[in-house]
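Okay, thanks for making time, everyone.

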Amino acid sequence: MNTRRLFRSNRTNTSRNASNSSSTGSQPPAVVQLHEGAEGGSQNPEHASLSTVDKVSSPPDEICSICIVSLRHQSGFNEDIKHEDSPGNASCSQGSNGFGTVQLVRCKHIFHFVCVKEMVKASPKFLQCPYCKAIYGIRQGNQPQGSMKVEWAPYKFPGHPDCGTIIIKYSFKDGIQGPEHPNPGEPYRAHAFPRVAFLPDNTKGNKVLKLLQEAWKRRLIFTVGTSATSGLRDVIVWNDIHHKTEPSSNISGHGYPDEFYLDTVLMELEIAGVTDATTE
């Protein structure tokens, strides 16, 4: 299908680019900040709902899902980092001052403080709760440098007869993998690009577009890995935020009509930490 011919826009100067470059400025606050919470101590008011944990003085008799050790005993990470200056080192056992176990401020799931700090070492800008997948901080991916262009067209596709079409075009070039990729220093390929995706030009479709543009800025839409369809390794692949790449047929499952798609992709974006509340 010749998408250029089919989707000739009836708007002028409607193409928008989404940059993949990182913003500059001050560093974001630490994801894990311990405060007294409801017990009356001081709090960090800035980003408190996203980047803090509350201490738990009397942990339940449950297993920490990070280290698979009882919350009433020392973290399984303690032996490896017992000389580190951390509240968890002196307080992960029962009957101590309580800073050894903490709960995430929004979802209230409880872990050893040391375990939470170890998770943050692997992803310094965000923390994802192992239980409910709630995200604290701003999740950043490892999507390579590329371009995202958006256009509009009057074409109406199945399932959305009352609106036009939003066309998203993703482009990449071959490059070299960075330290955040599976094989640093090795080349990666931009196989089967550019790729074109479609959304209905209605209220919910434009909401999805706004969140996809934010996901693009956070480098979450693509990653480098092995293609599930071709089996090629070290190529740019989709990263669990599904797109509709066929506008007029859903035989393959990648097109329309699909009455559940917009709700599904909104849920996938929320799991990735991209919501209205986290978007500027």
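Ground rules before that. This is a predicted model, so local features need pLDDT of at least 70 and side-chain atom pairs count only at pLDDT 80 or more, while totals for chains, interfaces and linings use all residues. Residues are numbered from 1 along each chain as its sequence is written, and side-chain values use heavy atoms, with hydrogens and water left out.

Of its 280 residues, 44% count as buried, and buried means under 20% relative accessible area, exposed over 50%, partly exposed in between, using a 1.4 Å probe and protein chains only. Now take contacts, meaning heavy atoms within 4.5 Å: among those between residues at least 6 apart in sequence, 59% join residues at least 24 apart.

On to helix H6, residues 261-271. Which of its residues are buried? Tyr261, Leu262, Val265, Leu266, Glu268 and Leu269. Looking down the axis of H6, these fall within an arc of 160°, so they line one face of the helix; the arc is taken over the directions from the helix axis to the C-beta atoms. Strand E12 (195-200) and helix H5 (203-217) are included in what covers them. Just after H6, glycine 273 takes a positive phi of about 90°.

Next, phenylalanine 222, which sits in strand E13 (residues 222-225). It's buried, at 0% relative accessibility. Its C-alpha is 4.8 Å from that of asparagine 239, 17 residues apart along the chain. Leaving out residues up to four places away in sequence, phenylalanine 222 touches, among others, Tyr170, Phe172, Phe193, Arg195, Trp216 and Trp238.

Two of those names come back in the second largest pocket: Arg195 and Trp238 lie nearest its centre along with Ser227, Thr229 and His254, out of 16 lining residues. A pocket here is an open set of points on a 1 Å grid over the protein atoms alone, where a 1.4 Å probe fits, with protein on both sides within 12 Å along at least five of seven lines; lining residues have an atom within 4 Å of a point. About 480 Å³ of space lies in this one, the volume being the space filled by probe spheres set on the points, which are joined across faces, edges and corners.

Another cis bond joins tyrosine 256 and proline 257, omega about 10°, with proline 257 in the loop between strand E14 (235-238) and H6. In that E14 to H6 loop we also find aspartate 240, which has a positive phi of about 70° although it isn't a glycine. Aspartate 240 is exposed, at 60% relative accessible area.

Last, the cysteines. How many disulfides does the structure hold? It holds 0, where a disulfide is a pair of cysteine sulfur atoms within 2.5 Å. The sulfur of cysteine 132 has its closest cysteine sulfur in cysteine 129, 3.8 Å off, which is too far for a bond.

Note on methods. Helices (H or I, at least four residues) and strands (E, at least two) are DSSP runs, numbered from the N terminus.
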